[in-house]
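Morning, everyone. Please look at the sequence and the structure on the screen. I'll take a few features in turn.

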Amino acid sequence: MPTVVAYHDISKGADHWLSSPRRDAVFAPLGVSNIRTFVDPQDPTRVAVVMDVEDMDRVMAAMDSPEMASAMEHDGVVPESVRILVER
């Protein structure tokens, strides 16, 4: 099970992003676990998650789903800024 780092910009503030339940709600059914959150102390509009992913293909397919788009919008994620790195 690879560990994945996803980082991106947010538009609604770090407190809103950190407290959102949508991240777990959308990723848990995809087999994603151990999600940890990070905020850039120099620029709190830059954030990241580190997570363990059972099925990377399943997660990547879900990234284009309406449910994921809704969760990202709710959390203030700037979609075009999302970058995903996979442990090798």
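Is Arg46 buried, partly exposed or exposed? Arg46 has 43% relative accessibility, so Arg46 counts as partly exposed. Keep in mind that this is a predicted model.

Now, what does Arg46 pair with? Some background. Side chains of opposite charge can pair when their charged atoms come close. The count here comes to 2 salt bridges. Asp40 and Arg46 meet in one of them, at 3.5 Å from N to O. Asp43 also forms a salt bridge with Arg46, and there the closest N and O atoms are 3.2 Å apart. Shared partners join Asp40, Asp43 and Arg46 into one network.

Asp43 is at 21%. Buried means under 20%, so Asp43 counts as partly exposed.

Next, the rings. The number of aromatic pairs is 0. One ring does have a charge over it: Arg23 lies over the face of Trp17, at 4.4 Å from the ring centre.

Last, the inside. How many cavities of 30 Å³ or more does the structure hold? The answer is 1. The largest cavity has about 240 Å³ of space. Its lining takes in 21 residues, and His8, Phe27, Met63, Met68 and Met72 lie nearest the centre. The elements that give two or more residues to that lining are β1 (3–9), α2 (22–27), β3 (46–53), α3 (56–62) and α4 (66–75). And the classes? The lining has 17 nonpolar residues, 1 polar and 3 charged.

Key. Residues are numbered from 1 along each chain as its sequence is written. This is a predicted model: local features need pLDDT of at least 70, side-chain atom pairs count only at pLDDT 80 or more; totals for chains, interfaces and linings use all residues. Side-chain values use heavy atoms; hydrogens and water are left out. Rings of Phe, Tyr and Trp (its six-membered ring) pair if their centres lie within 6.5 Å; planes under 30 degrees apart count as stacked, over 60 as edge-to-face and the rest as tilted. A charge sits over a ring if NZ of Lys or CZ of Arg is within 6 Å of the ring centre and within 35 degrees of the ring normal. On a 1 Å grid over the protein atoms alone, a cavity is a set of points where a 1.4 Å probe fits but cannot get out, and a pocket is an open set with protein on both sides within 12 Å along at least five of seven lines; lining residues have an atom within 4 Å of a point. Grid points are joined across faces, edges and corners, and a volume is the space filled by probe spheres set on the points. Helices (H or I, at least four residues) and strands (E, at least two) are DSSP runs, numbered from the N terminus. Ala, Val, Leu, Ile, Met, Phe, Trp, Tyr, Cys and Pro count as nonpolar, Asp, Glu, Lys and Arg as charged, and the others, Gly among them, as polar. A salt bridge is a side-chain nitrogen of Lys or Arg within 4 Å of a carboxyl oxygen of Asp or Glu. Buried means under 20% relative accessible area, exposed over 50%, partly exposed in between (1.4 Å probe, protein chains only).
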